[in-house]
Amino acid sequence: MSDGFFRLPREEDLEELVSLTAQSLDFLRYCDTKEKCLAFGRGFVLLHLAESNFAEVYEEKGMVSGVLLGTIRKASLLFRQSLAEEGRRQYLIAFGPGEGNSLYSDTCLAMKKESGISSFLGEITLLSLRPQLRGKGLAKKMIKHYLSRALLYGKEKVYLFSDTDCNYAFYPHVGFEKRGERKIVFDLKDGKEAPLTCFLFVADPRKLIESL
């Protein structure tokens, strides 16, 4: 990590960000062709970028090796909304119209509502690292950068959604509290199903930043 540095994502980083995210999320089990899998990855990253007002990549030796995207209440958006339009177009390539787009988000919104917390400061929407950098403290450092920025806008809790396609056990390990859990099943092509368990994790940013 000593040779790397943090910076804002650039549009030319897209394919590297898709590659990073694909290592954290099992895109292949939701798509039946490589083209659809790549479209899913591009759509996923573009939509998250479009919604972000915190975005940070870690670059090392000319390669993007980590990314954290998030939202902070009242902070300004960072990227053009045309990214969202392209993200939705990529989702249409991957899933077709109206397929696979709402089940996950509806489940997450239900868990958030059931948490009993009326106001959140922000959300970590994407955290991905290259496998060789895991366990070296980079993820903690990226979360700490996000929390430092978020605390400029308030002191309420921050949250994130994770699931069994991800390394979800990392979050309670570093100090997040699990406040929701739901099982869902995606109906895929040819009668196949993809079960998934979703989680809501919540943390007090003041306490969490002290422990990281």
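**Close-up views of the cores and ring pairs**

Phe 40 and Phe 44 are both buried. Keep in mind throughout that this is a predicted model.

**View 1. Phe 40 and Phe 44 pair up within helix H2.** About one helical turn separates the two residues, because they sit four residues apart in helix H2.

**View 2. Tyr 30 meets Phe 186 edge-to-face.** By the ring-pair rule, the count comes to 17 aromatic pairs. In this one, the ring centres of Tyr 30 and Phe 186 are 5.4 Å apart and the planes stand at 85 degrees, over the 60-degree cut-off, so the pair counts as edge-to-face. The pair ties together distant parts of the chain, 156 residues apart: Tyr 30 lies in the loop between helix H1 (14-24) and H2, while Phe 186 is in strand S6 (residues 177-187).

**View 3. The largest nonpolar core has 41 residues.** Which of its members touch the most other members? They are Leu 17, Tyr 30, Phe 40, Phe 44, Val 67 and Phe 95. Helix H2 (residues 34-51) supplies the largest share of this core, with nine residues. A second, separate core is made of 28 residues, among them Tyr 58, Leu 129, Tyr 171 and Ala 203.

**View 4. Leu 17 and its contacts.** Zoom in on Leu 17, one of the core members that touch the most others. Setting aside residues up to four places away in sequence, Leu 17 touches Pro 9, Val 45, Leu 49, Val 57, Val 64 and Val 67. One of those partners, Val 67, is also listed among the core members with the most contacts to other members.

**View 5. Thr 125 in strand S4.** The strand that holds Thr 125 covers residues 120-129. What surrounds Thr 125, leaving out its neighbours within four places in sequence? Here Thr 125 is in contact with His 48, Ser 52, Leu 69, Gly 70 and Thr 71.

Definitions and conventions
Residues numbered from 1 in each chain as written. Predicted model: local features only at pLDDT ≥ 70, side-chain atom pairs only at ≥ 80, totals over all residues. Heavy atoms only, no water. Core = buried A, V, L, I, M, F, W, Y, C linked by side-chain atoms within 4.5 Å. Buried < 20%, exposed > 50% of the residue type's maximum accessible area, 1.4 Å probe, protein only. Contact = heavy atoms within 4.5 Å. Phe/Tyr/Trp six-rings, centres within 6.5 Å; stacked < 30°, edge-to-face > 60°.
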